[in-house]
Amino acid sequence: MSEHVIAFIMGIVEGLTEYLPVSSTGHLILAGHLLGFEGDRAKTFEVVIQLGSILAIVVLYWRRFFSLLDFKSLNIKDNNRTKLNLLHVFLGVLPAVIVGFVLHDFIKNVLFSTTVVLVALVVGALLLIYADKKNTTITAHSIDQLSYKQALYIGLFQCLAVWPGFSRAGSTISGGLLVGASQKTAAEFSFILALPIMIGATGLDLLKNMDAVLSGDITTFVIGFVTAFVVALLSCIAFLKLLDKVRLSAFAYYRIILAIVFAFIIL
């Protein structure tokens, strides 16, 4: 199989899974293992295609991101204010930034293994099921109804995503449900939090591995980037529509089944 075909397949996997609560990192590691696409070059490629997924969120929510620059909406004293602003995003991002910075080397050197990912898929699934089944009173039916306290709690849950395979979307959406956000609200806030988190993480990795991008076949990276962007764009739109009909437990059961299947294939 040519590297260009592999890039196309990996781009599809990234785009489909980045914003769903199923762990894009887990899927990329498992897909890369099956396709024989592993090593430092593969890791750099994964960083590049994640940037494609980031661009999809920018395109979908550009108006919302511009509205965050309205500093007049900031009111630290009012926990029940009625418009999403930069403080919500800051509170939602800060905990994961701190944990990711402190544990960066440990995560890259120890946690990126097939076994660790499979375990994370199952544990993350159990959190999704718990959050879905727990009858929490919904107080935020839209992202503009989220309080600062809810944003911070969701940010704390996002720290679980430093465990590869756990899923950033899965942890934040689960956290959102547990603190009183609706499914769609939790998902949309998860999308918005993804932008600064992913830009920071992927940007740092890309700068460290720029030589690998420039010295290799640029076409491979372009194919993966464009594919991830298009698929992520369509995936986010479809996911939000699907949440009107499907509970999050469905994604949890998929994660468990996926972990079992790959355990038999790989381990």
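**Briefing: an all-helix predicted model**

F90 is partly exposed, with a relative accessible area of 48%. This residue lies in helix 5. The model is predicted. The protein has 12 helices and 0 strands. Of its 267 residues, 51% count as buried.

- Helix 5 covers residues 86-111.
- F90 belongs to a nonpolar surface patch, together with L94, I98, F101, V102, L103 and F106.
- Together these patch residues have about 720 Å² of accessible area.
- I98, another patch member, is found in helix 5 as well.
- I98 counts as partly exposed because its relative accessibility is 47%, and the exposed class starts over 50%.

**Overall fold and annotated spans**

- From the N terminus on, the order of elements is α-α-α-α-α-α-α-α-α-α-α-α.
- An unreviewed UniProt entry annotates "transmembrane region" at residues 44-63, 84-104, 110-130, 189-207, 219-240 and 246-266.
- In the model, the span 44-63 is 95% helix and 0% strand. Its end C-alpha atoms lie 31 Å apart.
- The span 219-240 is 100% helix and 0% strand. Here the end C-alpha atoms are 32 Å apart.

**Nonpolar core**

- The largest nonpolar core holds 53 residues.
- Y19, F189, F191 and F239 have the most contacts inside this core.
- Elements giving two or more residues to the core are helix 3 (40-60), helix 5, helix 6 (114-133), helix 7 (148-158), helix 8 (168-178), helix 9 (183-208), helix 11 (218-242) and helix 12 (249-266).
- Helix 9 supplies the largest share, 10 residues.

**Salt bridges**

- How many salt bridges does the model have? The count comes to 2.
- The D144 and R64 pair is one of them, with the closest N and O atoms 2.9 Å apart.
- D144 sits in the loop between helix 6 and helix 7, and R64 sits in helix 4 (residues 62-67). The pair links distant parts of the chain, 80 residues apart.
- D144 is partly exposed, at 23% relative accessible area.
- D132 and R247 also meet through their side chains in a salt bridge, at 2.6 Å from N to O.
- D132 lies in helix 6 and R247 in the loop between helix 11 and helix 12, so this bridge ties together parts 115 residues apart in sequence.
- Is D132 buried or exposed? D132 counts as buried because its relative accessibility is 9%, and buried means under 20%.
- R247 is partly exposed, with a relative accessible area of 45%.

**Cysteines**

- A search of the whole structure finds 0 disulfides.
- C159 counts as buried, at 15% relative accessibility.
- C236 also counts as buried, at 1% relative accessibility.

How values were computed: Residues are numbered from 1 along each chain as its sequence is written. This is a predicted model: local features need pLDDT of at least 70, side-chain atom pairs count only at pLDDT 80 or more; totals for chains, interfaces and linings use all residues. Side-chain values use heavy atoms; hydrogens and water are left out. Patches are made of residues with over 30% relative accessible area and no salt bridge: like charges are joined within 9 Å, nonpolar side chains (Val, Leu, Ile, Met, Phe, Trp, Tyr) within 5 Å. Accessible areas come from the Shrake-Rupley method with a 1.4 Å probe; for residues, only the protein chains shown count as cover. A salt bridge is a side-chain nitrogen of Lys or Arg within 4 Å of a carboxyl oxygen of Asp or Glu. Helices (H or I, at least four residues) and strands (E, at least two) are DSSP runs, numbered from the N terminus. Buried means under 20% relative accessible area, exposed over 50%, partly exposed in between (1.4 Å probe, protein chains only). A disulfide is a pair of cysteine sulfur atoms within 2.5 Å. UniProt positions are given in the numbering used here, feature names are shortened, and annotations may be inferred rather than shown by experiment. A nonpolar core is a set of buried Ala, Val, Leu, Ile, Met, Phe, Trp, Tyr and Cys residues joined through side-chain atoms within 4.5 Å.
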